[in-house]
Amino acid sequence: MALSDAPLLRALTGPRPEHAPVWFMRQAGRSLPEYRELRVGTRMLDACLTPDLAAEITLQPVRRHGVDAAVFFSDIVIPLRLAGVDVEIEPGRGPVFANPVRSAADVDRLTAIDPLSLDGTAIAEAVGIVTAELGDTPLIGFAGAPFTLAAYLVEGGPSKEHLRARAMMHADPDSWNRLAGWLALVSRRFLEIQRDAGASVVQLFDSWAGSLSTSDYRSFVAPHSRVALDAIGVPSIHFGVGTGPFLHDMRLDGIADAVGVDWRLPLDEAAGILGPDVTVQGNIDPALLAAPWPVLEAHVRDVVERGRAARGHIVNLGHGVPPETDPDQLTRIVELVHSI
Ligand code: CP3
């Protein structure tokens, strides 16, 4: 089989594959004992920048679950670290920045860094190791969308409603647009490094876009996300959580080949909103991974059935794998989807 015939690529570019492809956001990580073992004594971002380690962690879930794609083990803040920004990931909490970016002067200091100057050597090396081993299984590269990155950067760490970033849009739109414009170029560069090294699909994660109003999404966010993904040269997936109210906008005027849908919106409804020329990705409820198998099985069958309403369907969760998930539940889902 050629890589272009892989079910994931067929679901993105047609014709529809025999069975829907399946992979899981956050499949590479804490739900796997073999991951926890490898990570002992290495900080998260250091692990991401150690090529043989990042490659091995990327491959673990492919070997274990037989998923239709690997997703590169890295993090949305890695390109910022590569650009020289002081960021760490605190276990159990998330990304933390030593110097939050809140004023026009803070934005000036950051945007003085040339996004093209970041050193992608370790990333390219890891992607090279992975794609050599994967053969016909595609590798998905990814980046954080400008708003989701800004939600961390402006706050200085994780927050619930991203009040500071959303306030900046209105209080100082010029600083906001310069910051988001710079983040778009940094994310784009990160995607290009992965693409050039062999990733055959990319996904842009706008995980926190659901905190925005439709009007703010349109005015202050979508134009920047477009820059990150426009003409990237490989099929693309655009993902957000809680983005039902502006799902159609997530197509980014046709730039995205697939749109991620969370568990709140049935896929047939999502397909109706998105239209006939886009693939949907999703939307198994991560909460049901903790339910008995017959309950989860019925839910997965329903998701696959509803996904037939779209041009193409990539089976995934509505958000990432929760760390406490029993990995066998994920393997069972893959076997089930491949049998339908
Ligand atoms: O999907 C995959 O398996 C590939 C790897 C991947 C990671 N982070 C590894 C990771 C991907 C695609 C991401 C993206 C990411 N990072 C997002 C968008 C996806 C989403 O879930 O919405 C976001 C918002 C981040 C920022 C981030 N990094 C958070 C919120 C956390 C969790 C903090 C915690 O410990 O609860 C991280 C750390 C992180 N990124 C871990 C992993 C495997 C956990 C680190 C560990 O093992 O200690």
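**Ground rules.** I number residues from 1 along each chain as its sequence is written. As the model is predicted, local features need pLDDT of at least 70 and side-chain atom pairs count only at pLDDT 80 or more, while totals for chains, interfaces and linings use all residues.

**The sheet.** I took helices (H or I, at least four residues) and strands (E, at least two) as DSSP runs, numbered from the N terminus. I call two strands paired if DSSP finds at least two bridges between them. I found an open sheet of seven strands with parallel pairing, in the order β1-β4-β5-β6-β7-β8-β9. Its edge strands are β1 (70-71) and β9, each pairing on one side only.

I looked up the partner of β1: strand β4 (residues 139-144) pairs with β1 in the parallel sense over two bridges. Alanine 70 is opposite leucine 139 of β4.

I then went to β9, which pairs with strand β8 (residues 279-284) over five bridges, in the parallel sense. Here glutamine 281 faces isoleucine 314 in β9. From β8 the chain passes through helix α13 (residues 293-307) to β9, a right-handed β-α-β crossover (with the strands pointing away from the viewer, the path from the first strand over the helix to the second runs clockwise).

Is strand β9 mostly covered or mostly open? I count a residue as buried if 20 or more other C-beta atoms lie within 10 Å of its own, with C-beta atoms placed from the backbone. By that rule five of the five residues of β9 (residues 313-317) are buried, and the strand is mostly covered. His313, Val315 and Leu317 point one way, Ile314 and Asn316 the other.

**Helix α10.** I checked the span of α10 (residues 173-197), which has 25 residues. From first C-alpha to last it reaches 36 Å, close to the 36 Å expected (1.5 Å times one less than the number of residues). Glycine 198 follows α10 and has a positive phi, near 130 degrees.

**The ligand.** I listed 24 residues around the ligand, each with its C-beta atom, placed from the backbone, within 6 Å. Ala28, Gly29, Gly94, Ser207 and Gly320 come nearest.

**The record.** The unreviewed UniProt entry gives "domain: Uroporphyrinogen decarboxylase (URO-D)" for residues 21-30 and 140-156. I note that such annotations may be inferred rather than shown by experiment. Residues 21-30 are 0% helix and 0% strand, with end C-alpha atoms 23 Å apart. Residues 140-156 are 59% helix and 29% strand, with end C-alpha atoms 28 Å apart.

Conventions:
A residue is buried if 20 or more other C-beta atoms lie within 10 Å of its own, exposed if 12 or fewer, and partly exposed in between; C-beta atoms are placed from the backbone.
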